Amino acid sequence: MKREFDAASEVLLGQCSNSPGLCAVRRRPLLSGIVAASLIVTAGCTNLKPVADFASKASVVTSYPGVAKDYPLILARLKLCGERGSAVSDEKAAERLRDSKRLLEAQTVLQAYAKALGELAADDLPNYDHQIDALNQSLVDGKFAAASDTGNYAQAAKFGLGIFTDLYRRGKIQKLITTYNPSIQKAVAQLLQVVDGYLVSLSDEQIVYNQLVAGRSRKAAEFLKLEGFPEFVSVAAADHAQLLLDREANARALSRGIKAFGQGHQELADNIGTASFKEVLANATKYAEQLQTVIESFNR
Amino acid sequence: MSEISGADALDLAKRYKQAATNLGQYQLDNWESLTTDQRRLLTDEEYTLLDNSQNLVTYAVGVLLDDAQASLDKIKQATDEANKAIQTVADFKKVLGIATALVTLAAAITAGNPGGIASAVGDLGDAVAA
């Protein structure tokens, strides 16, 4: 508990260099408790809003289900197009399911984490400790951390029976961000890599469709000389291409959002113990805005 | 001289997406030995390759190639070898060098510069052989 309080104090004292008012409070210890408490009570909750926004927008981005759902289905569509052989083998199907599972594991971790960070920053604490348990379980399930490690993580991050002041909460946010950052970064890298693989698969699908479906149909249309058939083939091919482009745009949006989350989180972890809290919050706002742009770019 | 068709551009784009995937896999495979800055560099390069794949589909169609210097087959062969190397090489600097050479090649293709393409294909080969 003392360690956590010290961490929280460091966060507040970090502001002293930029805040003559708070430095004056430091010189008069007796008065300092009352004044600092007043400052925290009146300004604390509002000040953490950028972190809460960052987390809630990250939660929206990481919950996008389209890629994980569609990834295994591409092989079935390739078969429908007439693709045979190793590209659609049982081995390939098993590999695709594994990748889809890896994607879901990474998404689950990032979602659980974003939820915990959001609850802590928004002062929505009733479920916070349970959320940490869920997060730790997802880290173990996805092999991002060993069970022996997550015990220590929980000790650092959980609220327990602490004094529910804003100062204490800031200290907890610092602990949460720095403790979990390595696992978050690995989950981000894994997610990005699987989404890259999905994008390759969409290219495969487009190439196979062009060759085996649209290409053959065009040849048949020329041969049969049926009125309207070439146009029908062109429209169907254009629709299919657009469908794949939309899926690709969504996957790229997910990827961009996760990258922004990872980068923003890394910067928070790098700066939260050293920069002023004001700068940390400004950073959180910057990345929250980037995430909002990503959310708006998803095709609904 | 030959011209890059829509199908060729799609095929090249797929190779660039594959390169991004391989770079991501390299990062995961070597996670513990990479520094935070090295990971960041790899992620940025992974992203640039993905952007390149999109640019190739958009801008490469219709680009003229000097077949004597760098035909489409030579470009495909060079990108395939680069992809294989990223999957097998352990050295961070070499992997990053290959990725950078791939990025330069994509830029030359989308700029429609036959001389630049030939030079970039050569540089990519050098990066793989280094």
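Predicted model: local features only at pLDDT ≥ 70, side-chain atom pairs only at ≥ 80, totals over all residues.
Find A:Lys225 in the loop between helix 10 and helix 11 (229-271) of chain A. Now look at its backbone. Phi of A:Lys225 is positive, about 55°, although the residue is not a glycine.

A:Lys143 sits in the loop between helix 8 (128-141) and helix 9 of chain A. Its phi is near 60°, again a positive value in a residue other than glycine. A:Lys143 has 11 other C-beta atoms within 10 Å, so it is exposed.

Is A:Ala154 buried or exposed, or something in between? It is partly exposed, with 16 other C-beta atoms within 10 Å. That count falls between the two limits, because a buried residue needs 20 or more and an exposed one has 12 or fewer. Which residues does A:Ala154 touch, leaving aside its neighbours within four places in sequence? Its contacts are A:Ile132 and A:Asn136. For a sense of scale, take A:Ser89. A:Ala154 and A:Ser89 are 65 residues apart in sequence. In space, they are 43 Å apart, C-alpha to C-alpha.

Now turn to the place where the two chains meet. Here 15 residues of chain A are in contact with 18 residues of chain B. Helix 10 of chain A, residues 166-224, supplies the largest share of chain A's side, with 14 residues. By class, that side of chain A has five nonpolar, six polar and four charged residues.

How do two helices pack across this boundary? Two packed helices are described by the angle between their axes and the distance between the axes. Follow helix 10 of chain A and helix 1 (residues 6-29) of chain B. Their axes come within 9 Å and cross at roughly 160°. Angles over 145 degrees count as roughly antiparallel, so helix 10 of chain A and helix 1 of chain B are roughly antiparallel to each other. The crossing of these two helices is left-handed. Their contact has ten nonpolar, eleven polar and five charged residues.

Finally, consider the predictor's confidence. Chain B averages a pLDDT of 94. In that chain, 100% of the residues score at least 70. For the complex, the predictor gives an ipTM of 0.92 and a pTM of 0.84.

Notes
Residues numbered from 1 in each chain as written. Chains lettered and ligands numbered in written order. pLDDT = per-residue confidence, 0-100. Contact = placed C-beta atoms within 7 Å. Helix = DSSP H or I, 4+ residues; strand = E, 2+ residues; numbered from the N terminus. Nonpolar A, V, L, I, M, F, W, Y, C, P; charged D, E, K, R; others polar. Axes fitted to C-alpha atoms, helices over the stretch in contact; angles between N-to-C directions. Parallel < 35°, antiparallel > 145°, perpendicular 65-115°, else oblique. Left-handed = near helix turned anticlockwise from the far one by under 90°.
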